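Please look over the sequence and the model before reading on.

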Amino acid sequence: MIPLKSEEDLKNLQVSGEILGRTMRGLKKFVLSGISTAEIDRIAEELIIKEGAKPAFKGYRGFPAALCVSINEEIVHGIPGKRVLREGDIVGLDLGVNYLGYFSDAAVTLAIGEISPKVNKLVEVTRQALVEGIKLAIVGNNLSDISHRIQSFVEGKGFSVVRQFVGHGIGLSLHEEPEIPNFGSPHQGPILKSGMVLAIEPMVNMGSWESEILPNGWTAVTKDRLPSAHFEHTVAITEEGPRILTS
Ligand code: MG
């Protein structure tokens, strides 16, 4: 069963999402050539705590930081550390907020200075794939309509979607049912209902869809080491249409 949220829950989730949205916007100005990934993580945690919320990822299944920072061929779950961002990198920031037990989750991929046109296309296609998926997050659709739309949009642009990681329900915990793959046939799976809250998160590779986990046990990278991009929003299904909570 996919849990449905009450109006009261949705109000609190909206506050959680707004804290996350503001934190992401606040972080962007620091994400420049020369900064270490540990420093970005430190700023993210500080911004969230200032808002009276908690970083949802820190300690989750033992994850050591508030922020996942994934550079170039890293898909998701990069661990912040001494590595410094360089001109031409792309960097995925994935962040979760816990506000009074209400969880929100979002990700963006940012360019550090000038990036190549092909990498820029990867980032823009991934950003748009999220928009395309959200358009189908409406009452009465099947869950897999979102998945199928993301896959066909991405593959139509010549890129591939990651299979090993998927989006998820969210709300009263960080990961709830259902899983939301970024691939699959349309018209399958549960029917979307008002009150469902979904973290939709296309992860798009420039080359092959195949991925592997680094020996640190967390960081996912592309098998061919070509770049990957990631965007995510927490979205509520409502009678009025999809409501992005993390913008
Ligand atoms: Mg997520």
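Which residues are the protein donors of the magnesium ion?

## The magnesium site

The model is a predicted one. In it, the magnesium ion has four residues listed as protein donors: Asp-105 through OD, His-168 through NE2, Glu-201 through OE and Glu-232 through OE. These donors lie 2.2 to 2.3 Å from the ion.

## The packing of helix 3 and helix 4

Helix 3 (residues 117-135) packs with helix 4 (residues 143-156) at an angle of about 150°, and the axes of the two helices are 8 Å apart. The two helices are therefore roughly antiparallel, since angles over 145 degrees fall in that class. The crossing of helix 3 past helix 4 is right-handed.

On the side of helix 3, the contact is made by Val-125, Gln-128, Ala-129, Glu-132 and Gly-133. Helix 4 contributes Ile-146, Arg-149, Ile-150, Phe-153 and Val-154. By class, the residues of this contact comprise six nonpolar, two polar and two charged.

## Val-15 and Thr-246

Val-15 is part of helix 1 (residues 7-28). With 30% relative accessibility, Val-15 counts as partly exposed. How far apart are Val-15 and Thr-246 in sequence and in space? They are separated by 231 residues in sequence, while their C-alpha atoms are 9.0 Å apart in space.

Gly-207 sits in the loop between strand 10 (203-205) and strand 11 (211-213). Its relative accessibility is 25%, so Gly-207 counts as partly exposed.

Which residues does Gly-207 touch, not counting residues up to four places away in sequence? Its contacts on that basis are Ser-160, Asp-224 and Leu-226. Gly-207 and Lys-223 are 16 residues apart in sequence, with a C-alpha to C-alpha distance of 9.1 Å.

Methods:
Residues numbered from 1 in each chain as written. Predicted model: local features only at pLDDT ≥ 70, side-chain atom pairs only at ≥ 80, totals over all residues. Heavy atoms only, no water. Axes fitted to C-alpha atoms, helices over the stretch in contact; angles between N-to-C directions. Helix = DSSP H or I, 4+ residues; strand = E, 2+ residues; numbered from the N terminus. Parallel < 35°, antiparallel > 145°, perpendicular 65-115°, else oblique. Left-handed = near helix turned anticlockwise from the far one by under 90°. Contact = heavy atoms within 4.5 Å. Nonpolar A, V, L, I, M, F, W, Y, C, P; charged D, E, K, R; others polar. Donors = N, O, S within 2.8 Å, 3.2 Å for Na, K, Ca; no water. Buried < 20%, exposed > 50% of the residue type's maximum accessible area, 1.4 Å probe, protein only.
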